[in-house]
Amino acid sequence: MRDKTAFQNFINGEWVSTERHFDNVNPVDGSLIGPVHEAGADEVGAAVKAARAALSGPWGRFSVERRVELLHAIADGIGRRFDDFLAAEIADTGKPMSLASHLDIPRGAANFRLFADIVKNAATESFGMATPDGGHALNYAVRSPRGVVAVICPWNLPLLLMTWKVGPALACGNAVVVKPSEETPGTATLLGEVMNEVGVPPGVYNVVHGFGPESAGEHLSAHGGVNAITFTGETRTGEAIMKSAARGTRPVSLELGGKNAAIVFADCDFDKAVDGVGRSAFANSGQVCLGTERVYVQRPIFDRFVAALKAGAESLRPGNPYDKHMDFGPLISQQHRRKVLSYYERARADGATVVTGGGVPRMEGRLAEGSWVQPTIWTGLAESSAVIREEIFGPCCHIAPFDTEDEAIALANASEYGLCASVWTGDIGTAHRLAAAIDVGLCWINSWFLRDLRTPFGGAKASGIGREGGVHSLDFYTELRNVCIRF
Ligand code: NAD
Ligand code: 6OD
C-alpha cells in the first residue's frame, strides 16, 4: 500500500520506503507537501533488476497490439484521475491551474496515445536485391526494444516531459526506470498508481527518487544494467550523463538548455508578435526550455515593441494557482530564485535599463514565503553580458534593436546554444531565409510552442543530441536490425 502522506519509490509494482528523506516544498508559500524517500544505490539496483526481469517476463512477449491497448489504458487512467494529477502538479510547481489543466496533464495522457498510434502504424524498410551469382535476396529491417531505459527528468513540465519519454519507451517494448526531479516527485509517483490500476506488469515502470550527483540520478546513469539513457535538463548535467553513458557505449538522447532568440521584423503583425514573444518569455514563469530570453526587434518598431511588451509583462497576475484570474506562478524553489535574482542584479551591474520588474513582487500573507520574482525586461546590455549569453530560466528577456536581416541572423546565432528561435515577419521570403540560416533544432515563424508531435524535436549545438518525436523517438527507443534472406 502506498503511504499517501509521502513520496515513495515505485519498484516492481510496489511502494518502497527508505531511511533517507528530503522535503518536497510547495513553491507558492514554502509549505511542506511531504517527505520524499531518497533512493540509494540499492534501490536503484532493485529498480533496474525489476525492469530487466519484466523484459524477460510477460511484458517481453506482449504483441504490439497488446502494448498499444495498454498505452491507451494508461492515458485513460490519467484522464480518470485528472484532478489528482492536476493537484500534484500544481502543488509541486505552483503553476497556474489554467496552464496545468490545458497543457501539462492533457499532454501527459496524449503522449501515451500518440506513441501507441505511431508504433501501431510504423513501417520499416525492405529492399529486394540481386545476388552476384544471379540469385535473389530480400533485406528487411526489424525493431527490437533497447531494454532497460533510464529516464531522467527536470522540474519545469514534470508530467509532460516524463511521459514524452516513457510513452515511446513503453510503446517500443522497453522497461523504464524514471528519476523525476527532486523538486517535482508528485506526478511520476501518481503514475505508478495508474500503472497498477490498469494492469501494467510489475517492473515495466519504476520510479526512483533523489538528487543527481551521488544520489539516485548518478546511481541510475552509471548503472551497468541500463541499456539507454534519455535525459532532459541542463547542458552541464547532460555532459555528466554522457560521460556515464560512455561506459558500455550506451546510447543517449539529450534535450538540454537554450538561450533562444525571437527576431521581430518591422513588417510583422505587431499585436501577434507582442503576444507570441510575451508568452514565450513569461509562460510558466519563464521556466520553459523553449522560452525566449533574447529578443531582437527591427529598429523602426523597437520603441513601440518595448512599450507593448512592458504592458504585457505588467498585466501578469501572480497569486494562488487555483485563482481563475492568476496567470503567473512562482519559480520552482528558493534556490532557483536566488539564481534568477543574481542575473537581475548582474543586469543592473552591466548597465541595463530595467524596463519593468527586476525584483520580487509584494505578496500577501502566506504567499510572501513563496519563491516569486517579477517578470522582467531589460534593454541596453552589450551582447557580451552574461545575462545575454547564459541561460537564466526565469521570466525575463533582453530586447535589442537590429537593422538588417544579416545582422539579425548573426545575433541569433551568436550563442553556444541552438534549441529554438521564433521569427515574426509578414514576408514569406524573409521567413524561409531565416529558418534556413538560424542554427537551431526548431524554428517557429509567426508562432511559438505550436508543433505537430510527429515532428522531430531536439536541439542543435549545446542544446542537445538526437531527436525525439514521432518516428524519431522509435529510432532512439529501438535497436534496428537488418535481416537479409537469400532465396
Ligand atoms: P538539471 O540538469 O539540474 O536536472 C535534471 C535532472 O537531472 C534532475 O532529475 C536531476 O536530479 C538530475 N541530475 C542532476 N545531476 C545529475 C547527474 N550528475 N547524474 C544524473 N542525474 C542528474 O535540470 P533542471 O534544473 O531540473 O531543469 C532545467 C533545465 O532543463 C534547463 O536548463 C532547461 O533548459 C532544461 N530543459 C530542456 C528541455 C529540452 O527539451 N531541451 C526541456 C525542459 C528543460
Ligand atoms: O512539447 C514537448 O514535447 C516538449 N518536449 C517541450 C519542451 C519544453 C521545454 O521546457
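Mentor: A residue counts as buried under 20% relative accessible area, as exposed over 50%, and as partly exposed in between, with a 1.4 Å probe and protein chains only. This is a predicted model, in which local features need pLDDT of at least 70 and side-chain atom pairs count only at pLDDT 80 or more, while totals for chains, interfaces and linings use all residues. Residues are numbered from 1 along each chain as its sequence is written, chains are lettered from A and ligands numbered from 1 in the order in which they are written, and side-chain values use heavy atoms, leaving out hydrogens and water.

Trainee: Is Lys-4 buried or exposed?

Mentor: Lys-4 counts as exposed, at 59% relative accessibility, whereas Glu-193 is buried with a relative accessible area of 9%.

Trainee: With which residue does Glu-193 form a salt bridge?

Mentor: A salt bridge needs a side-chain nitrogen of Lys or Arg within 4 Å of a carboxyl oxygen of Asp or Glu. Glu-193 forms one with Lys-4, and their closest N and O atoms are 3.0 Å apart. Since Glu-193 belongs to helix 7 (residues 186-198) and Lys-4 to the segment before strand 1 (9-11), the pair ties together parts that are 189 residues apart in sequence. Helices (H or I, at least four residues) and strands (E, at least two) are DSSP runs, numbered from the N terminus. Both residues also belong to a network of salt bridges that links Arg-2, Lys-4, Arg-81, Asp-84, Glu-193 and Glu-197.

Trainee: How many salt bridges does a search of the whole structure find?

Mentor: The search finds 26 salt bridges. One of these joins Arg-236 to Glu-416, with 3.5 Å between the closest N and O atoms. Arg-236 lies in helix 9 and Glu-416 in the loop between helix 14 (405-413) and strand 17 (417-418), so that parts 180 residues apart in sequence are tied together. Here Arg-236 is partly exposed at 46% relative accessibility, and Glu-416 is partly exposed at 39%.

Trainee: What is the nearest side chain of opposite charge to Arg-107, which is buried yet has no salt bridge?

Mentor: In assigning charge, Lys and Arg count as positive and Asp and Glu as negative, while His and the chain ends are not counted. For Arg-107, in helix 5 (residues 97-121), that side chain is Glu-255, at 8.6 Å. Contact means heavy atoms within 4.5 Å, and, not counting residues up to four places away in sequence, Arg-107 touches Leu-160, Thr-163, Trp-164 and Leu-453. Arg-250, in the loop between helix 9 (235-246) and strand 11 (252-255), is likewise buried without a salt bridge, Glu-218 being the nearest side chain of opposite charge at 11 Å. Leaving aside neighbours within four places in sequence, the contacts of Arg-250 include Ser-221, His-223 and Asn-227.

Trainee: Which loop contains Glu-214, and what is its phi?

Mentor: Most residues other than glycine have a negative phi. Glu-214 has a positive phi, near 55°, and is found in the loop between strand 9 (205-207) and helix 8 (216-222); it is exposed, with a relative accessible area of 72%. Phe-449 also has a positive phi, near 70°, and lies in the loop between strand 19 (442-445) and strand 20 (460-461), where it is partly exposed with a relative accessible area of 23%.
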